[in-house]
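Please look at the model first.

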Amino acid sequence: MSAPRQASSGGPLSDADLLARTVTAVRTAGSALRERFGEVVRHETREELMRALAANDDTVLSTLRPRLRALRPHAGWVEDELDGGALPSGEWWVVDPAEGNVNHLHALPDWAVTATLVRENRPVLTVVHVPLTGETYTALAGGGAHLDGRPLHVSRTADLGLSIVATSQARPDEDEEVVRRTGASITAMLLDALVVRTAVPATLHLANVAAGRLDVFWQYAGARADLLPGALLVQEAGGRVTDAGGRPWTTRSTSFLAAAPGVHAHAAAALAR
């Protein structure tokens with residue numbers, strides 16, 4: 001249920017109204033990032049790569065941060081896409097200014113701008129904007145998930161052998177145990193699923209699960225900014241979101257599984273092998 005909140009102008013602002021204004025802010029910021037897209041950005045060292053990634057982030061944040069803070073002046077702010085774990089009490093903006101940033105630098109199309117409002121560690125609303133296609137995915141807790149205003153629904157498949165499943169690569173410098181676990185899980189899914197896709201970013205895989213294009217997404221470890229937007233999209237589209245063992249997922253969990261209800265248990269069983 002949308003709770004009435006205070007707008008920066010002093011008037012009441014429902015969560016639904018806040019979502020609409022967040023869409024405008026995220027789309028505006030996405031346009032700035034789209035203008036930087038084109039040629040491959042060359043880098044010879046890790047330091048050069050990090051500077052290029054930061055330049056994209058800064059371009060988005062210079063537009064997005066003031067707009068979102070004006071909507072929620074007292075909300076906290078999280079923009080480190082590698083952070084995980086629970087947030088302190090209250091409201092927080094969890095933002096990934098360039099989700100799939102490394103793809104952007106390599107002139108690959110899979111990148112987005114995301115903003116999620118979290119209240120007492122639960123996502124309330126999210127916006128995922130894909131500037132190259134113009135698509136905007138939105139979800140409101142209790143209000144459904146949508147793509148450019150059209151309702152989203154997860155797939156109805158009940159056969160993992162007919163499913164397209166996906167995971168994302170363990171991040172650079174990830175713990176070796178997580179890397180090995182990810183590799184083993186891909187092997188397990190190759191034995192059971194129709195097609196296995198492995199790529200970043202996680203958010204776009206989850207948007208595809210919400211849209212019924214993919215049937216399963218899983219990941220080990222992971223950060224808030226990677227998983228919170230997609231978790232809300234999938235849940236509001238009728239999917240199941242748990243950890244890999246089928247237990248309730250939180251930002252403290254060490255694994256993540258989102259799937260169409262008909263294949264969720266089958267996917268969890270495959271990952272448990």
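**A loop residue, its core and a cavity**

A244 sits in the loop between β13 (240-242) and β14 (255-259), strands being DSSP runs of E with at least two residues and helices runs of H or I with at least four, both numbered from the N terminus. The model is a predicted one, in which local features need pLDDT of at least 70 and side-chain atom pairs count only at pLDDT 80 or more, while totals for chains, interfaces and linings use all residues. Residues are numbered from 1 along each chain as its sequence is written, and side-chain values use heavy atoms, with hydrogens and water left out.

Q: Why is A244 called buried?
A: Buried means under 20% relative accessible area, exposed over 50% and partly exposed in between, with a 1.4 Å probe and protein chains only; A244 has a relative accessible area of 10%, so the residue is buried.

Q: Which residues is A244 in contact with, leaving aside its neighbours within four places in sequence?
A: Contact means heavy atoms within 4.5 Å, and A244 is in contact with Y220, S255, F256, L257, A268 and L271.

Q: What makes the pair of W249 and F256 edge-to-face?
A: Rings of Phe, Tyr and Trp (its six-membered ring) pair if their centres lie within 6.5 Å, and planes under 30 degrees apart count as stacked, over 60 as edge-to-face and the rest as tilted. The ring centres of W249 and F256 are 5.1 Å apart and their planes stand at 90°, so the pair is edge-to-face. Both residues, W249 and F256, are buried, and ring pairs link F217, W249 and F256 into a cluster.

Q: Which residues have the most contacts inside the largest nonpolar core?
A: A nonpolar core is a set of buried Ala, Val, Leu, Ile, Met, Phe, Trp, Tyr and Cys residues joined through side-chain atoms within 4.5 Å. The largest has 53 residues, and M189, V216, W218 and F256 have the most contacts inside it. Helix α6 (residues 224-236) gives the most to this core, with seven residues.

Q: How is the lining of the largest cavity divided among nonpolar, polar and charged residues?
A: Ala, Val, Leu, Ile, Met, Phe, Trp, Tyr, Cys and Pro count as nonpolar, Asp, Glu, Lys and Arg as charged, and the others, Gly among them, as polar; the lining divides into four nonpolar, four polar and one charged. Lining residues, which have an atom within 4 Å of a cavity point, include R224, W249 and T250.

Note on methods:
1 Å grid on protein atoms, 1.4 Å probe; cavity = no way out; pocket = protein on both sides within 12 Å on 5 of 7 lines; lining within 4 Å.
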